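Dear colleague,

Please find the structure below.

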Amino acid sequence: MITTDIIIIGAGPTGLFAVFEAGLLKLKCHLIDALPQPGGQCSEIYPKKPIYDIPAYPEILAGDLTDKLMEQCKQFEPGFTLGERAETIEKKEDGTFIVTTNKGTKHHAPVVAIASGLGSFEPRKPLLDNITDFEDKGVEYIIKEPEIYRNKNVVIAGGGDSALDWVIFLTDVAKSVTLVHRRNEFRGHLDSVEKVQELKNQGKINLITPAEITAIIGNDKVQALEITKKDEAPFNLETDHFIPLFGLSPKLGPIANWGLDIEKNAIKVNNALDYQTNIPGIFAIGDGNIYPGKLKLILCGFHEATLMCQAAYQIINPGKRYVLKYTTVAGVDGFDGTRKEAPKSVVKTID
Amino acid sequence: MDSNDVKITIIDRDGVKHNIEAPTDMSMNLMEVVRSYELASEGTIGVCGGMAMCASCQCYINSEHDLPEMQDDEEAMLSEAFYVKESSRLGCQIHISKDLEGLEVELAPES
């Protein structure tokens with residue numbers, strides 16, 4: 001059981017900044033995110049795209065924003081449960097919560113902050129009738145353990161960076177790698193595209209374009225795929241694994257069943273006070289909440305995170321005195337023993 | 001109707017036809033117009049914000065309008081999307097202009 005002060009669901013910009021604000025109040029945070037890395041959409045969808053409305057940054061790349069937020073909250077030693085989706089929540093008699101992930105990891109805290117944006121990112125599944133029957137029986141949407149492909153025949157479908165990157169990686173692991181894409185053009189980093197071209201020229205991979213997987217064939221597990229090249233008759237290709245990589249799309253998912261008031265796929269909160277939901281102790285901050293006048297902006301998420309932490313402090317330390325401190329005056333004392341502070345002014349006599 | 005508006009028809013994901021007016025002077029795109037009229041559930045359209053990186057705003061162009069040609073990123077994204085037809089476009093890449101008067105589009109299913 002992981003124990004902390006605030007469980008933050010979602011490690012995007014709002015969740016990461018909440019770690020910093022909580023840290024100033026000596027509250028410790030643990031973040032849960034379905035993606036394997038922190039940063040949310042900023043890291044997953046558009047890391048190389050610029051953002052122009054982060055205060056004091058005339059321009060910053062989304063991926064760099066994630067790095068800066070990670071650096072800013074580092075001394076407050078946040079815990080991370082990555083690659084797992086928050087599945088259930090249980091309120092105990094003492095008012096604290098247990099959040100359990102889809103992999104069974106349990107987290108215990110008096111406060112839960114949902115900072116999950118549009119939801120957890122789920123793989124987009126190709127429209128093949130029986131594809132769900134083969135999940136984990138040869139069909140994988142996310143590569144978690146590359147070793148399972150050792151000396152196996154693998155077919156990857158998709159035309160983006162993840163398809164190209166995994167083709168390159170698995171060429172050295174699998175017995176054979178086939179890449180199927182609807183077009184001859186690939187959308188990826190130039191060096192990845194060139195590397196795949198080189199592998200194709202060397203005969204190390206099998207490239208089938210423009211083509212689509214049109215059926216999965218097998219009994220208990222994947223045995224072959226029906227592949228249809230544009231304007232040609234379909235043919236079957238034997239394989240052990242089929243890895244469709246068509247990106248991820250956010251889904252509210254299990255949080256929808258937590259008894260929270262939901263409107264327009266977002267969680268209703270009290271914006272007059274502290275962004276608490278209808279369940280005391282559970283807050284929603286950032287793109288995933290809704291209130292009159294809501295704007296889905298990163299900078300609004302920062303503000304919401306800050307007010308949420310003040311309310312969390314009151315829940316965790318009932319009645320305890322606190323006064324807002326400025327970091328310039330008070331400095332920042334990390335949980336790791338580090339201290340940041342403004343340099344003292346020099347007092348010296350002028351003769 | 002504002003003189004800067006164009007009339008367009010949007011068929012939502014339940015097949016319901018909406019005749020709406022869209023401003024040409026607010027540098028809006030078709031995805032944003034759909035959102036401003038709430039013709040698709042929040043969170044199911046414009047997920048990437050309009051960067052041609054998610055295909056959640058895919059639509060089918062039913063009318064015979066001459067639309068600006070697809071850029072590489074839109075074409076690449078559509079080649080990875082589902083439910084794609086010959087008439088598919090990404091709404092976020094279609095700028096609302098006077099040329100769109102009378103346009104009819106249908107939203108592609110959510111995926």
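This is a predicted model: local features need pLDDT of at least 70, side-chain atom pairs count only at pLDDT 80 or more; totals for chains, interfaces and linings use all residues.

Three strands make up an open sheet of chain A, ordered β20-β21-β23, and their pairing is mixed. The edges are held by β20 (262-263) and β23 (289-290) of chain A; each has a single partner strand, so one side of each is left without a neighbour in the sheet. Strand β21 (residues 266-268) of chain A pairs with β23(A) in the parallel sense, over 2 bridges. As to individual residues, Lys268(A) has Ile290(A) of β23(A) as its bridge partner.

The next point concerns two helices of chain A. Helix α4 (residues 161-171) and helix α5 (residues 190-201) of chain A have axes that come within 10 Å and cross at roughly 45 degrees. The crossing in which α4(A) passes α5(A) is left-handed. On the side of α4(A), the contact is made by Asp161(A), Leu164(A), Asp165(A), Val167(A), Ile168(A) and Thr171(A). From α5(A), the residues taking part are Ser192(A), Val193(A), Lys195(A), Val196(A) and Leu199(A). Sorted by class, this contact of α4(A) with α5(A) has 6 nonpolar, 2 polar and 3 charged residues.

On the scale of the whole chain, the domain assignment divides chain A into domain 1 (2-122 + 249-340) and domain 2 (125-246). The centres of these two domains of chain A, taken over C-alpha atoms, are separated by 36 Å.

Chain A also touches chain B. This contact takes 22 residues from chain A and 14 residues from chain B. On the side of chain A that touches chain B, the residues divide into 8 nonpolar, 7 polar and 7 charged.

Finally, two details of the backbone of chain A should be noted. Thr209(A) and Pro210(A) are joined by a cis peptide bond, with omega about -20 degrees. Pro210(A) is placed in the loop between β14 (206-208) and β15 (211-218) of chain A. The second detail is at Asp136(A), which has a positive phi of about 60 degrees although this residue is not a glycine. Asp136(A) is found in the loop between β11 (120-123) and β12 (153-157) of chain A.

With kind regards

Conventions:
Residues are numbered from 1 along each chain as its sequence is written. Chains are lettered from A and ligands numbered from 1 in the order in which they are written. Axes are lines fitted to C-alpha atoms, for helices over the stretch in contact, and angles run from 0 to 180 degrees between N-to-C directions. Helices (H or I, at least four residues) and strands (E, at least two) are DSSP runs, numbered from the N terminus. A crossing is left-handed if the near helix is turned anticlockwise from the far one by less than a right angle, and right-handed if clockwise. Two residues are in contact if their C-beta atoms, placed from the backbone, lie within 7 Å. Ala, Val, Leu, Ile, Met, Phe, Trp, Tyr, Cys and Pro count as nonpolar, Asp, Glu, Lys and Arg as charged, and the others, Gly among them, as polar. Two strands pair if DSSP finds at least two bridges between them. Domain bounds come from an automatic or database domain assignment.
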